[in-house]
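Morning, everyone. Please bring up the model on your screens, and I will walk through it.

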Amino acid sequence: MTEALSPGAPAAALRTARIPLFHRLLKTPVGLAALSFLALLVLAAILAPVLSPADPNLASLQDVSARPGPAHVLGADSAGRDVFSRLLFSSRFSLAGALVTLLVAAAIGVTGGLIAGYYGKWFDAISSWLTNLLMALPGIIVLLAARAVLGPSMWLSMAIFGVLLSPAFFRLVYAAVTAVRNELYVDAARVSGLSDSRIIGRHILTVVRAPVIIQASMVAGIAVAIQAGLEFLGLGDMTIPTWGSMLNDGFANIYKAPLLTLWPSLAIGLTCVALTLLANTMRDVLERSSSPKRRRTKAAAPAPVKREAVVRHAESERTSATLGEELLVMKELSVGYTQPDGSVKSVVNDVSLTVRRGEVHGLIGESGSGKTQTAWSILRLLPEGGRVTSGSILFEGKDLAHASEPDMTRIRGRKIAYIPQEPMSNLDASFTIGSQLVEPMRVCLGLSKREAKDRALALLGRVGIPNPQRTFAAYPHEVSGGMAQRVLIAGAVSCNPDLLIADEPTTALDVTVQAEVLDLLRTLQSEMNMGVVLVTHNFGVVADLCDRVSVMRDGRIVETGPVKSIFAHPEHPYTRTLFDAILEDGDARGALNPVPAAVAKETPSE
Amino acid sequence: MLRFILRRLFSGVVLVFVISTIAYLLLYLGGGDIARSILGESATAATVAQKAHSLGLDRPVLEQYFGWLGHAVTGNLGSSWFTGQAVSAAVSARVGVTLSLVLGATLISAVVSIIIGVWAAARRGWIDRSVQLLSVVGVAVPGFLIALGLVTVFAINLKWFKPTGFVQFASSPSGWIATATLPILALAIGGIAGVTAQVRGSVIDALRQDYVRTLRSRGLPRNRVVFKHVLRNAGGPALAVLAVQFVGLLGGAVIVEQIFAIPGLGQVAVTATSQGDIPLVMGLVVVTAIIVVVVNLLIDLLQGWLNPKVRLA
């Protein structure tokens with residue numbers, strides 16, 4: 001019965017609303033329509049005595065079921081009462097009934113939520129238990145039972161329904177208050193000696209105001225619906241005209257005068273829809289204004305328009321002679337995201353790089369420099385809205401930038417594999433580790449269940465997992481981060497890929513584990529003679545693993561060449577800044593990842 | 001697993017006990033002169049007092065309550081004051097009818113909203129926007145209006161289905177289809193709207209998870225990842241909404257049964273409450289609470305199956 005909002009409505013985000021909600025609502029077509037309808041309705045309800053052509057309860061025998069005409073604009077009902085007048089007065093009582101529910105629900109829910117959220121402790125437990133209790137029974141059964149005891153009073157029924165709906169407010173306010181209770185500005189107010197009631201009034205009420213208004217709109221809609229439902233069943237107070245009782249009369253005469261059900265149905269339906277749409281639009285408006293660009297945090301700032309020349313270091317003859325054929329040739333690749341307004345925001349510009357078989361190509365730069373975007377575009381697994389806007393990605397003679405999705409599916413896993421950055425979030429928590437290893441092998445290599453399992457166990461052993469059998473049967477949350485990353489490496493190499501895309505494979509790991517994982521990667525790479533694109537922000541990792549490196553900044557490659565040459569003569573100022581950062585702080589990003597693997601191995605753990 | 005079930009069952013029993021206690025006390029404290037209303041205005045004071053005595057109404061409330069409770073735990077819920085029929089018989093004759101409607105509607109909501117929700121989340125664009133708008137409207141429009149609309153169009157005008165009555169599936173499957181389709185649809189539409197919105201939202205969330213990219217990077221086709229991994233992860237929140245919807249549908253059934261004149265729990269509820277037939281009302285409250293508890297337990301178990309982390313809790 002209680003179509004409660006999720007308590008997760010971001011209270012902190014709603015707080016940032018500065019321009020009055022009302023004004024912004026009027027600018028959306030849905031908001032304008034819903035508000036206008038409701039305003040008209042309220043006006044009609046208030047002015048009912050003035051607007052009504054007849055007494056809504058005046059029965060007239062000669063007008064029974066009269067058709068619409070000059071005497072009765074919308075006809076008359078089965079007792080000869082004027083339908084239009086009844087409709088106007090019904091709006092009065094129906095809205096007033098809904099208001100009673102709303103006020104009771106809001107009073108109990110908001111007060112309870114504020115107290116429980118602010119003071120916490122035992123009040124918490126009791127109130128959430130009560131909330132569950134109220135949610136466990138269908139509202140209408142309770143209302144019917146109450147009616148058996150208290151008699152058919154609409155006001156009383158609506159008040160009881162308000163109690164039943166109070167959890168909708170309680171949960172919302174409770175969640176919002178617990179979220180801000182420990183915020184600094186509330187602490188500051190407490191320290192400066194403000195009384196609890198003033199803190200609640202000034203700081204906390206402002207936070208919950210917007211979500212409460214949204215919830216009020218939802219609850220009002222539910223109240224209108226349930227009230228009409230009760231009256232429609234003939235369980236309401238038959239002495240006052242309401243939409244529900246009009247519907248009841250209409251339905252009883254549906255064969256004789258089908259139009260009688262139409263008007264109250266329209267009134268109920270439109271009111272409920274208007275209130276719900278209003279609530280939804282308010283939420284949309286608030287969410288849109290508070291988070292203009294979430295989820296784009298990885299996207300780089302708009303690249304400078306000016307194209308500067310890439311600093312290219314000469315190939316030393318030795319490297320090009322010993323390495324294999326070209327696996328991946330990326331030419332002037334650009335990646336962009338389509339924005340809500342239709343424009344395209346570019347995050348990678350004119351990136352060209354080549355990876356040979358057996359070669360490790362490092363892609364280094366700060367967060368947001370476009371390295372991960374470049375990596376994802378090779379797999380064609382860019383997030384929603386992202387696509388290759390120009391350039392080509394040649395792999396085995398095929399342009400991946402323009403390959404069909406089925407072609408890409410055939411290439412992924414078998415030819416190009418991927419090791420992600422964050423081990424835990426890259427395993428599906430709902431499936432065992434084993435099943436996540438077995439499934440791709442069965443699809444890609446066509447192995448039987450038995451064969452795939454044997455291979456998975458062998459791989460788990462190969463990547464250094466001490467008890468493959470146990471890890472195979474475990475769920476992701478049952479293993480450590482380092483183990484999880486090994487599992488992901490096993491998964492990446494499980495179908496013998498030629499090219500491996502590793503996106504900061506050690507960033508999320510402990511320092512000691514990092515060294516081991518880098519070792520493992522190096523061994524696997526040379527054993528399987530894979531080409532590797534290694535995304536990192538750590539020159540230590542580059543020195544340890546890479547043959548060649550490209551430095552990225554703002555979506556462009558600024559310097560590229562053999563690792564030795566770049567380490568010896570960094571030419572681009574940005575490359576030098578990155579080096580300086582290592583010398584001064586140990587790392588370009590901070591404390592996460594400070595030591596090259598070779599040093600880390602010598603450091604005793606803990 | 002077993003401990004989890006036992007603990008949930010225990011808290012369910014406590015919940016049913018608390019609800020029935022509150023209901024009983026409220027009903028008795030608020031009740032008027034019941035013996036008078038059973039016998040009618042013409043009865044003499046003596047016969048009214050005798051009736052009250054025979055019903056045990058002259059005893060203290062607590063004594064009456066413990067008497068009721070003592071019988072209730074053995075499954076004896078007393079008998080109706082107005083018809084004399086045993087409450088358990090009156091309820092059990094009808095509970096199947098209501099449950100067949102509500103479970104049918106729940107199943108249909110689950111299946112249809114998974115299909116539409118996944119479709120909207122995977123396609124996005126205008127399909128997604130229309131689905132969103134429709135689900136808001138579907139949630140907002142009260143179930144009885146939908147029922148009225150269905151009756152008017154499909155039973156009264158098109159005459160495809162029967163406007164009223166109910167035929168048990170066991171006695172005539174075609175009769176059941178003719179009578180149960182519209183009520184189930186009327187209940188399901190609101191449910192579909194509510195659950196679709198949730199499925200859509202949680203599928204969109206799940207699609208953004210890192211593991212989706214990783215699984216696809218291993219050569220699994222997108223649809224396979226969506227239907228196996230994304231759906232399973234989106235299933236938890238969707239099930240939670242389905243549980244809330246089920247309680248709503250149980251309430252909605254009361255009104256829908258009235259419209260279609262179906263002899264289910266809702267009909268008994270309406271008669272019993274308008275007469276003030278307290279033993280029958282109590283029976284209904286207890287049975288409804290038990291149904292809600294059992295359904296919630298089943299949904300919790302499903303949650304545990306979907307998401308292994310829940311099992312530890």
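Let me start with a question: which residues does V173(A) touch, leaving aside those up to four places away in sequence? The answer is G109(A), V110(A), G113(A), L114(A), G117(A), V208(A) and V212(A). Touching, or contact, means that the C-beta atoms of two residues, placed from the backbone, lie within 7 Å.

Some ground rules. This is a predicted model, where local features need pLDDT of at least 70, side-chain atom pairs count only at pLDDT 80 or more, and totals for chains, interfaces and linings use all residues. Residues are numbered from 1 along each chain as its sequence is written, while chains are lettered from A and ligands numbered from 1 in the order in which they are written.

Confidence next. The predictor gives the complex an ipTM of 0.76 and a pTM of 0.75. Chain B has an average pLDDT of 83, with 96% of its residues at 70 or above; pLDDT is the predictor's confidence in each residue, from 0 to 100. Within chain B, α9(B) has the highest confidence, at 91. The lowest is α13(B), with a mean of 60.

Now chain A. It holds 24 helices and eleven strands. These are DSSP runs numbered from the N terminus: H or I of at least four residues for helices, E of at least two for strands. Of the 606 residues in chain A, 48% are buried. Buried means 20 or more other C-beta atoms within 10 Å of the residue's own, exposed means 12 or fewer, and partly exposed is in between, with C-beta atoms placed from the backbone. Take the contacts in chain A between residues at least 6 apart in sequence: 72% join residues at least 24 apart.

Chain A has two assigned domains: domain 1 (38-48 + 83-288) and domain 2 (323-428 + 497-581). Such bounds come from an automatic or database assignment. Over C-alpha atoms, the centres of these two domains of chain A are 54 Å apart.

Then the largest nonpolar core, with 248 residues. A nonpolar core is a set of buried Ala, Val, Leu, Ile, Met, Phe, Trp, Tyr and Cys residues joined through C-beta atoms within 7 Å. Among the members that touch the most others are V173(A), I501(A) and L187(B). Helix α10 of chain B, residues 222-260, gives this core its largest share, 19 residues. Domain 1 and domain 2 of chain A each supply at least three residues to this core.

On to the sheets. One open sheet in chain A has four strands, ordered β3-β2-β5-β6, with antiparallel pairing. Pairing requires at least two DSSP bridges between the strands. β3(A) and β6(A) are at the edges with a single partner strand each, so one side of each has no neighbour in the sheet. β2(A), residues 326-338, pairs with β3(A) through nine bridges. There, G336(A) is opposite S346(A).

The other open sheet has seven strands, ordered β1-β11-β10-β4-β9-β8-β7 in chain A, with mixed pairing. Its edges are β1(A) and β7(A), each with a single partner strand, so one side of each lacks a neighbour in the sheet. β10(A) and β11(A) run antiparallel, joined by six bridges. R553(A) is opposite R556(A) in β11(A).

Now the interface. How many residues of chain B are in contact with chain A? 57, and they meet 59 residues of chain A. α10(B) gives the largest share of that side of chain B, ten residues. By type, the side has 33 nonpolar, 18 polar and six charged residues. Here nonpolar covers Ala, Val, Leu, Ile, Met, Phe, Trp, Tyr, Cys and Pro; charged covers Asp, Glu, Lys and Arg; the others, Gly among them, are polar.

Two helices to look at. Seven of the eight residues in α9(B) are buried, so α9(B) is largely enclosed by the rest of the structure. Those buried residues pack against α14, β7 and α19 of chain A, plus α8 and α10 of chain B. After α9(B) comes G219(B), with a positive phi near 95°. In chain A, α11(A) spans residues 243-252 and has nine of its ten residues buried, so α11(A) too is largely enclosed by the rest of the structure. W243(A) and F251(A) are among those buried residues.

Last stop: S11(B), in helix α1 of chain B. S11(B) has 15 C-beta neighbours inside 10 Å, so it counts as partly exposed.
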